[in-house]
Amino acid sequence: MGHLAGYWHRTEDGRVQCDLCPRECRLRPGQRGFCFVRANEDGQLVLTTYGRSSGFCIDPVEKKPLNHFLPGTQVFSFGTAGCNLACKYCQNWEISTSREMNLLAEEASPSQIARTAANWQCSSVAFTYNDPVIFAEYAIDTAVACRAAGLASIAVTAGYINPEARRDFFAVMDAANIDLKGFSDSFYQQVTGARLRPVLDTISYAVHETNVWVELTTLLLPGYNDASSDLREMCRWIVTELGPDVPLHFTAFHPDNRMRDLPRTPTRTLARARAIAQEEGLHYVYTGNIEDPDGQTTYCPNCKSPVIRRDRYTIDSYDLDAEGRCRVCGTQIPGRFGGSSVVDQSFRLPHRVAIR
């Protein structure tokens, strides 16, 4: 039997309703939810992937992507299987759409994950590759174990979660990169199989009502979510509702999953998106999945000095003091910085590891 899940109730017709995410799947005995990993077993909702992973990897934290959270450090990354969205362009579709539970070849308890991450001198553990919302109980327990071990926890998520679970989930996270996949409900419904409003609510909640450091990512799909008017509207919402200091990452699409006929995102599209975001008042706008050192560098919004120069996942220079202030003009750069200008470059490429 799977691990007893939280966030569910029995319905009047005898089914079990999962209350974790806005899908609110109603399941008869033996049925699985849309995510495939939450199931009705003997009249109870269980999480079938608790303690099981599709693999573990040491990454640079910038790969999440997070540019203002412990830059230059190592993060212990893992995921499970399944997803509660159905993005036609999913770049990790082998994991997110998996229906083969033998994909989850590695087993690890929350305490084992925390111990292994600490042994590898990682600063944090990231729940990534597939959305940690669907394995919330496993992620929450692991985050608690990490906090006890002095490690931070990072959620890489689409933010499609209901309020009760959202409160518990973000209460134990230290940072999150939340996908804002587009800025129209029609895009969300047609391309991701989800709705926009719950995602906006999650982002606002995480920024305003928690201590979680939040960065946003929008993967630009040519002809789908890259219109200048849509990008401008999205950036205005971010500035108005969240403030100008929330970092925004525009990343390039490559053909995958069910959108293999779509061309790669042109570099000029990412440059245009970044320029629009800056025009609308965002202070920290980045590009990803392309060669663009300028678009991956953090600039002081006051004196315009480069305070962290990056080339993809490599940090070429670091000019913040121990408190995260610009060394040129003293402006405080928002984020969570490690209190040191010495940046560890020992793992700049993903490095697979075995659990200990």
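**View 1. F135 and Y138, two buried rings.** F135 is buried, and so is Y138 (under 20% relative accessible area with a 1.4 Å probe, protein chains only). This is a predicted model, where local features need pLDDT of at least 70, side-chain atom pairs count only at pLDDT 80 or more, and totals for chains, interfaces and linings use all residues. Residues are numbered from 1 along each chain as its sequence is written, and side-chain values use heavy atoms, leaving out hydrogens and water.

**View 2. F56 and F78, a tilted pair.** The structure has ten aromatic pairs (Phe, Tyr or six-membered Trp rings with centres within 6.5 Å; under 30 degrees between planes is stacked, over 60 edge-to-face, the rest tilted). With ring centres 5.5 Å apart and planes at 35°, F56 and F78 make a tilted pair. F56 sits in strand β8 (residues 56–60) and F78 in strand β9 (residues 74–78), so the pair ties together parts 22 residues apart in sequence (strands are DSSP E runs of at least two residues, numbered from the N terminus). Both F56 and F78 are buried. F135 and Y138 pair up as well, tilted, at 6.1 Å centre to centre and 55° between the planes.

**View 3. The ring cluster.** Ring pairs join Y50, F56, F76, F78, F127, F135 and Y138 into a cluster.

**View 4. Arginines over rings.** R23 puts its charged end over the ring of F34, 3.7 Å from the centre (CZ of Arg or NZ of Lys within 6 Å of the ring centre and within 35 degrees of the ring normal). R166 lies over the face of Y205, 4.7 Å from the ring centre.

Key: Helix = DSSP H or I, 4+ residues; strand = E, 2+ residues; numbered from the N terminus. Buried < 20%, exposed > 50% of the residue type's maximum accessible area, 1.4 Å probe, protein only.
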